[in-house]
Amino acid sequence: MRMRLRPILLLLLLHVTVLAHEIDTDAFHVRHFTDENGLPQNSVRFIAPDNAGFLWLATENGLVRFDGNRFSRFNSSRIRYIYPGNGRNNLYACTQEHEVIRMHNGQATALPDSPQLRFNDYEYYVLNDTVARTVPVTGLPNVYAEVVLTEKYMMPAGPQAYFSLTRDSVTFLQNGRPQYSFSWPNCDPWGFFTIGGNLYHLGEDGKIFLFQGAVPQEVKLSGEVPAERLQPRQLFWNYAAEQLFIYQDDRCYYLTAGAGGMLQAKLIMSGLDCEKNNIISLYYDAACERLFLGSRSRGLFVVTKKQFRPLVSPGDEDNVFYAQAPFGNNGILTAQGIVFEGNGETGRIPLLQYLKKANRYNLVQDAAGNYWYRHADTVYKYNADVTKLLWQRSFGNNISQLYAGPDNRLWIGTEQEGLYYLDTGAASPVPLLFSNKIKNAVYMMQEAPGILWACAGNGLYRVQLSPLRIDTIPGFGDSYFRSLFIPRPGEVWVTTYDKGFFLYRHGRWTAMPADRLEYLKTAHCITADNRGYYWITTNKGLFQAARKDLLAYADGTQPDVYYFYYSKAEGMLTNEFNGGCQPCALQLQNGDLSLPSLDGLLRFAPDSIRPDLPEGGLFLSEVELDAKPLAAADTLFLPSNFLRLALHVSTPYFGDAYNLQLRYSIEGSDDDAWLPVENSGIIAFSRLHSGTYRVRVRKVNGFGPDNYTEKIVTLIVETAWFATLPFRMLMFCLALLLLYVYIRLRTANIRRKNRQLRQHVSERTQELEETLASLRDSERQLRKQGVIQQRLITAITHDIKAPMKYLMLLSQAGSKPDKKSEAINDALYRMYNMIENLIQYMKMEAVQAHSLKERVDLHELLEEKVGIFKPIAEIRAVQIHNNACRGIKVPVNRQLLAIVVNNLLDNAVKYTLQGSVSLAASYEDGGGVSIRVTDTGIGMQPEIREWINGNPVATADHRQPLAQKGIGLVIVIELLQQINGKLVVHSNGDVGTSMEILLPAN
């Protein structure tokens, strides 16, 4: 009883990136897949491609899709058949439980119950293979041949058209009605097959018959026909792919139908034992010459025809090749004297082989066909068939490289002396030193008849031959040069070790982009074919690039360059090519290219090489959201709180995975750069903000501009609850409410603070009023004290000063002064002067007179003081001299300055006996004014002088020396502070003292 199925998409249960076991034969490369390296199960009963190019495998453990790099299992049920739909417009699989799975665009979809099928429909018998003992065709060999008892065998020939085979007849039916029938006795149906809608039969006698109408017709095989007689058991018929194969003697032939139904055979594989490996299913990709073989028990084999057949030396004893040159009719001569003829024969040149450990890095042919060779410090010239040594010359310095230019010049690079040249046409050429600047040249080539390029150990040079000019190309100072390639003037290619290769064009250098793993960083050589492609050798394989793509990249019109990669799987004996020789590549007259390697010469015709380009479609095969499967679609709706999204992208490509370039970009994110897709084909994201994103996945299809396939997946991340409009409106209202509450609270707080402030201001006002009243009382008291002080000063002036002055006059009235009268007069004078100073000081403190300034004439002030002290000075036999310059005026309080001068002059007169006192005033260099009072008296004690000079500020508050008894100097210093003055004491040695007042001029 068949199970009733709903239409669901079968989920991807197994997704494995594979690493195949590789087997090499002389002509074919074999990749072997088992359950140990990716294949889910080792029994591969059927192989068929879908419309997108993916291969589908029927295994005992489910339906498996193979894209060339990964196996993906879509279910776990045993697959009985893979068959085409009616009219071959779809591909289906039938499970052991009679479930039907449709394969389309790389996806497997379980179908519902089969639609109403007519009794004679092919699908009816596929799903009801025990009804009426009619067995539908599934291919050859039939895996059920030993267990199926057949009375009828159905073989579709087209939509609603099929052949019905019995043990004694063949009937053709169209829309369920017989069209013709004929007798054909047979023991079993396993010799019948159809190709192109025609029915064929292979009998035990090895004859093949074609049934067109009711008359059988024997057909003969053409092409590469198997040697022995054909047997039905040798047939492999892939009915789903409509392909026919014959396997005989470890050789597999592919049969195709031509005009009139004739069959043509082509050998597509040899060296793999199908019987030993239990092969039961085959599929052939004719475009790529790749054969897929399914085994009953040993997994899947993928056999690809190698495109390259390297040349090896006779005896295989020395396969390390460097320099080479054309020889004969499309032949090759190597530097070690081995000849590879154009017809495939090999030979040796004795003249080159007699040199032990000979140099292999140089072998050039001039325009006359002669060969030039170097070894150590010697250059040799041989004739065109290398049977005679024509000339040789030792330079006494190791030769680094030779190059035969188109103008009959041989350029000779030496390691120490520089660059030489000679005439190749001369019988006895004379080498001439061209330049000692270019030393250790490693590669040379002419761009035009007058332009030579040279790669040397000390740089890259462009040499203009006439007139001579040598330009050193900047930017390549530490580069390790490998070769030059100049296919035409204005296009110069340079290869380097570790820095890649460069193009000089339109007067500027362009560094070419590297490949994914940067194999091209160690580019040895560049050469061109006749189809517009450049071939680049490296230490890791061979690359092919379109010249137009490289030039477009250099011009800035193309962002990338597609490089196609060839490895050992294509037939080379090694991936490591050789460089450092000249020439580093050879193009023969027939267009063949020859490239030296560490194991053989790789000679090939570029026209015959077919790059297996990844031109298939690009598909989204699976989606995982938080580790759970999600239906794959071009638009995905995602929750806002997802953690991880994985997109599985795939493309059917069965060539070298290094040539598959997948990149992706996310439009709508912060970073929309193009990133490489991982080898697993998975593009993973962890969390995306709400919004719409476009994931652009791009696959480069091959050469040419904008040659890519793009798959766009739109991701719509739902808006999070906190980003929805209602929530935002709620948050807005809540914000308004909080703002309102804040304003109310703030207003209440301000009002409270205002009340507190008013109270505080009121309290402070009351305190200030009380303080003001107290100040007013203090002011009244001060005014009273001022009045009392003024009265006191007046009383002192009237009651003390006047009598003191009268006594002084009486002491001087005597007719004959004596010592007693002089002593009295001197004491009275000092008391009078002291009282006068005290009165003036008290007046100053009382009325704040120091704030009143005027421009004081210093000569007049000093003259006034001289007049006061002159009488007492004469009594003491002291002369007073006013030496002040006239016209010196200083802005100062005159009364305070007069007190200061009065005190200083008093001290000078007091401490001088029978000497002199001089007064002086002058401008200082620093912009100040100096007033000096100098006497010839007893001088000043050192401690007092140090006290005055060491305490220029607030001296009255400092501790005074014991020798200082009076208060005159204290008053002087305090008054000078109030008028911004300074007192300095100068010693005059053993006689007298000099007191200096320093005042600002402004």
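Analyst: Start with two strands: β25 (residues 251-257) and β26 (residues 263-270) pair in the antiparallel sense over 7 bridges. This is a predicted model, where local features need pLDDT of at least 70, side-chain atom pairs count only at pLDDT 80 or more, and totals for chains, interfaces and linings use all residues. Residues are numbered from 1 along each chain as its sequence is written, and side-chain values use heavy atoms, with hydrogens and water left out.

User: What makes β25 and β26 a pair?

Analyst: Two strands pair if DSSP finds at least two bridges between them. Here there are 7 bridges, so β25 and β26 pair. Within this pairing, Arg251 stands opposite Ser270 in β26. In general, strands of a sheet pair through backbone hydrogen bonds, either parallel or antiparallel.

User: Why are β22 and β23 called edge strands?

Analyst: The open sheet has 5 strands in the order β22-β26-β25-β24-β23, with mixed pairing. Strands β22 (222-223) and β23 (235-238) each pair on one side only.

User: What counts as a strand or a helix here?

Analyst: Both are DSSP runs, numbered from the N terminus: helices are H or I with at least four residues, strands are E with at least two. By that rule the protein chain has 9 helices and 72 strands.

User: How do you know that Cys525 and Cys584 form a disulfide?

Analyst: A disulfide is a pair of cysteine sulfur atoms within 2.5 Å. For Cys525 and Cys584 the S to S distance is 2.0 Å, so the pair qualifies. The count by this rule is 1 disulfide.

User: What does the link of Cys525 and Cys584 tie together?

Analyst: Cys525 lies in strand β50 (residues 525-528), and Cys584 in the loop between β53 (564-566) and β54 (586-587), so parts 59 residues apart in sequence are tied together.

User: Why is Cys252 in no disulfide?

Analyst: The nearest cysteine sulfur, that of Cys274, is 5.9 Å away.

User: What percentage of the protein chain is buried?

Analyst: Buried residues make up 50% of the 1002 residues in the protein chain.

Terms used. Buried means under 20% relative accessible area, exposed over 50%, partly exposed in between (1.4 Å probe, protein chains only).
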